[in-house]
Amino acid sequence: MLTFTNRTALITGAGRGIGKAIAETLSRQGVTVICVSKSADSCGATAAAIIAAGRNAKALAVDVADGAAVAKAAEALLKEFPAIDILVNNAGITRDGLLFRMSETDWNEVIATNLPSCFHWTKHLARPMTRARWGRIVNITSVSGVIGNAGQANYSAAKAGMIGLTKTLAREFAGRNITVNAVAPGFIKTDMTTEFVNNPEVAGKVLEAVPLKRFGESADIANMTAYLCSDEAGYITGQVFNVDGGMAM
Ligand code: NAP
């Protein structure tokens, strides 16, 4: 059991996959979770399951790529909750393709959903954390942002940007006892990877690059994230944790 003292967390992309696992894991530790996703149905289902298990959750449908919508949502939340102590920037999308075939739309959509979303949520939620002199921010980046990945110029650029943001904000907020870290998953079994995880030929090729020779589970990322959000992780900031079966050594 990790220590969480009466904490509230906001997790983006909590409707499915890794974000849902993070919301469930934190809620099992007694954290009140605000589950954000694009569609009301998916964050609603995550929050309903947590509430049905006797824990505290709220669902919120917001397009994280829309800075004005994030600002409005954050303002309302800060009136409703006495404190939001933990922010997990997890929402993300991919639109893969080699550079010469990548459209400007695919470039822009992937960047907007993965990177400026972190800027907007952090800008709004970190200010009250600075006043409280306690906070945890975890950005879910990717192995693609650490070592690159052919076919993911947009995604790798956004995820590498998240690492730069993490390190800079760790320095800016350290004096206020707010830690900022990143978790870099490898290939995790979620809707994002179904296409190749369920295709034995492609899966075999992908796993050649994974020393542990298997795909990860959402819980692998959720466990690392929960630790980084706990009281116990108070002396860790500005770091990138690769949870990738050994891909980026
Ligand atoms: P996923 O199963 O596709 O789920 C993505 C979640 O993000 C969904 O809940 C989705 O909302 C939400 N989302 C997407 N765009 C959004 C937007 N504009 N506004 C609000 N919410 C939005 O993805 P995942 O595999 O769990 O990935 C989670 C994070 O881990 C992503 O940042 C991803 O880049 C990163 N990651 C994943 C892997 C992997 O192998 N799976 C590897 C490395 C990094 P809806 O449910 O409403 O659609």
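**Close-up views of the ligand site and selected residues**

**View 1. Shell of residues around the ligand.** The ligand is surrounded by 30 residues, counting a residue as near if one of its heavy atoms lies within 4 Å. The closest are Ser39, Ser42, Asn90, Tyr155 and Thr190. The model is a predicted one, in which local features need pLDDT of at least 70 and side-chain atom pairs count only at pLDDT 80 or more, while totals for chains, interfaces and linings use all residues. Residues are numbered from 1 along each chain as its sequence is written, and side-chain values use heavy atoms, with hydrogens and water left out. By residue class, the shell around the ligand has 11 nonpolar, 14 polar and five charged members; Ala, Val, Leu, Ile, Met, Phe, Trp, Tyr, Cys and Pro count as nonpolar, Asp, Glu, Lys and Arg as charged, and the others, Gly among them, as polar. Helix H1 (17-28) and helix H7 (153-173) each contribute at least two residues to this shell.

View 2. An N or O atom in the side chain of Tyr155 is 2.4 Å from an oxygen atom of the ligand. For Ser42, a polar side-chain atom lies 2.6 Å from a ligand oxygen atom. Gly15 takes part through its backbone, with an N or O atom 3.3 Å from an oxygen atom of the ligand. The protein buries 94% of the 900 Å² that the ligand exposes when taken alone (Shrake-Rupley method, 1.4 Å probe).

**View 3. Cysteines without a disulfide.** The count of disulfides is zero, a disulfide being a pair of cysteine sulfur atoms within 2.5 Å. Cys118 is in no disulfide either, and the nearest cysteine sulfur, in Cys229, is 14 Å away. Cys43 is buried at a relative accessible area of 1%, and Cys118 also counts as buried, at 1% (buried is under 20%, exposed over 50%, partly exposed in between; 1.4 Å probe, protein chains only).

View 4. Thr130 belongs to helix H5, residues 116-132; helices (H or I, at least four residues) and strands (E, at least two) are DSSP runs, numbered from the N terminus. A polar atom of the Thr130 side chain is 2.4 Å from the backbone oxygen of Arg127. Thr130 is buried, with a relative accessible area of 15%. Trp134 sits in the loop between H5 and strand E5 (135-140) and counts as buried at 14%.

**View 5. Two loop residues with positive phi.** Asn177 has phi near 65°, a positive value in a residue other than glycine. Asn177 is found in the loop between H7 and strand E6 (178-185) and is partly exposed, at 37% relative accessible area. Lys213, likewise not a glycine, has a positive phi near 60°. Lys213 is placed in the loop between helix H9 (200-207) and helix H10 (218-229) and is partly exposed, at 48%.

Conventions: A polar contact is a pair of N or O atoms within 3.5 Å; within protein, one must be able to donate a hydrogen and the other to accept it, and residues adjacent in sequence count only if both atoms are side-chain atoms.
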